[in-house]
Amino acid sequence: MTENSQMPEPSGTVADAVKDNWVDRLAPRFSRPYLRLSRADRPIGTWLLYLPCLWGLSLAVLATDSYGSHDLWTIVGCGIGAFLMRGAGCTWNDITDRDIDGSVARTRSRPIPSGQVTVRGALMWMVAQALVAFLILITFYPTAIILGILALAPVAIYPFAKRFTWWPQVFLGIAFNWGALLAWAAHTNSIGPVPIVLYFAGIAWTLFYDTIYAFQDAEDDALIGVKSTARLFGENARKWLRFFLTVTIVLFGLAVLLAASERSVLSLVIAIGGPWALGWHLTWQLSRFDPDDNDGLLWLFRSNRNAGLIPLPFFAIALLV
């Protein structure tokens, strides 16, 4: 990707936004900088926050062999909440990173460093999103509410992680996969081994996809002293990605075994097919990984939406047999 392709467009479009996204085409002009601040023009982050919720709820339904209208609301509520909290988290990230973003080619077109939004305006927007998300959270069971409030801690810490550790992707994984715990609790009003194992599987998955993502900025990060697993692993990245892939599938498979242990053999086998199929998709991603191809890195990163959706039909079929 050339330097010119990373510069802000006259319209205010962010450099790595999805081409012809709905924000740039349909949103009222006054709202576009704020929606861009929330990454509404780059929906992959919302999916990556939402998918662990769907995994957690699916395994809870498999484990309890029960479902009802409250589960439908959990699906909808978690979806809206993922959009809002991803937006609030990205807003907070851009506030704390405003000086760094201005020094990185891919991010200097974001609303704050490009001057589209003031820091004060961004803070107000962040609070507004978080408050609406909280109104959704309090419709869930008490255990889920407590977990939702606790989730604010890793969200607040993540933007600073790359300043003090080579493993900021771990902190992102802690924040982004919290939904596996929350959605389980939204169904059961409890916590247990299944969502905890699933949670760690999700963290390993985040390490996989966000290391791929981080290679886009590796050169700029090195110049300004920002840490990442991409810089840490360097030429050994493939080995580490293979390791994260393996941990993801092993832990995900274990979570499914624990959740479906009381179900029929056929149901269990079908459910296990979910992590197995996910593993093949991640293996395909690894085969296409080229640390020097920024366009390809972004494409692979975005493909994790499809990767995360793959297990869900297996879980739905397993529930029916």
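A crossing of two helices is left-handed if the near helix is turned anticlockwise from the far one by less than a right angle, and right-handed if clockwise. By that rule the crossing of H9 and H11 is right-handed, and the crossing of H3 and H4 is right-handed. The structure is a predicted model, in which local features need pLDDT of at least 70 and side-chain atom pairs count only at pLDDT 80 or more, while totals for chains, interfaces and linings use all residues. Residues are numbered from 1 along each chain as its sequence is written, and side-chain values use heavy atoms, with hydrogens and water left out. Helices (H or I, at least four residues) and strands (E, at least two) are DSSP runs numbered from the N terminus.

**Helix pair H9 and H11**

- Helix H9 covers residues 168-176 and helix H11 covers residues 193-214; their axes come within 8 Å and cross at roughly 130 degrees.
- Axes here are lines fitted to C-alpha atoms, for helices over the stretch in contact, and angles run from 0 to 180 degrees between N-to-C directions.
- H9 and H11 are therefore oblique to each other; angles under 35 degrees count as roughly parallel, over 145 as roughly antiparallel, 65 to 115 as roughly perpendicular and the rest as oblique.
- On the H9 side, Gln-169, Val-170, Leu-172, Gly-173, Ile-174 and Phe-176 are in contact (heavy atoms within 4.5 Å) with Tyr-199, Ile-203, Thr-206, Leu-207, Tyr-209, Asp-210, Thr-211 and Ala-214 of H11.
- The contact of H9 with H11 holds 9 nonpolar, 4 polar and 1 charged residues.
- In this classification Ala, Val, Leu, Ile, Met, Phe, Trp, Tyr, Cys and Pro are nonpolar, Asp, Glu, Lys and Arg are charged, and the others, Gly among them, are polar.

**Helix pair H3 and H4**

- The axes of H3 and H4 come within 8 Å, with a crossing angle of roughly 155 degrees.
- That angle makes H3 roughly antiparallel to H4.
- H3 contributes Gly-45, Thr-46, Leu-49, Tyr-50, Cys-53, Leu-54, Leu-57 and Val-61 to the contact, and H4 contributes Asp-71, Thr-74, Ile-75, Cys-78, Gly-79, Ala-82, Phe-83, Met-85 and Arg-86.
- By class, the residues of the H3 contact with H4 are 11 nonpolar, 4 polar and 2 charged.

- Buried means under 20% relative accessible area, exposed means over 50%, and partly exposed lies in between (1.4 Å probe, protein chains only).
- In helix H18 (residues 311-320), the residues Pro-311, Leu-312, Phe-315 and Ala-318 are buried.
- Seen down the axis of H18, these buried residues fall within an arc of 125 degrees, so they line one face of the helix; the arc is that of the directions from the helix axis to the C-beta atoms.
- The cover over the buried residues of H18 includes helix H3 (44-64), helix H14 (237-259), helix H15 (265-288) and helix H17 (304-309).
- Helix H10 (residues 178-188) is mostly covered, with 10 of its 11 residues buried.
- Among the buried residues of H10 are Trp-178, Leu-181, Trp-184 and His-187.

**Individual buried residues**

- Ser-58 is found in helix H3 and is buried, at a relative accessible area of 18%.
- Apart from neighbours within four places in sequence, Ser-58 is in contact with Leu-312 and Phe-315.
- Leu-182 belongs to helix H10 and counts as buried at 12% relative accessibility.
- Leu-182 touches Cys-78, Leu-137, Phe-140, Ala-144, Leu-147 and Gly-148, leaving aside neighbours within four places in sequence.
- Leu-182 and Thr-74 are 108 residues apart in sequence and 9.8 Å apart, C-alpha to C-alpha.
- Asn-304 lies in helix H17 and is buried, with a relative accessible area of 0%.
- Not counting residues up to four places away in sequence, Asn-304 touches Leu-48, Leu-51, Trp-205, Tyr-209, Leu-282 and Gln-285.

**Positive phi in loops**

- Most residues other than glycine have a negative phi.
- Asp-65 is not a glycine, yet its phi is positive at about 55 degrees.
- Asp-65 is found in the loop between H3 and helix H4 (69-96) and counts as exposed at 52% relative accessibility.
- Asn-189 follows H10 and has a positive phi near 60 degrees.
- Asn-189 lies in the loop between H10 and H11 and counts as partly exposed at 31% relative accessibility.
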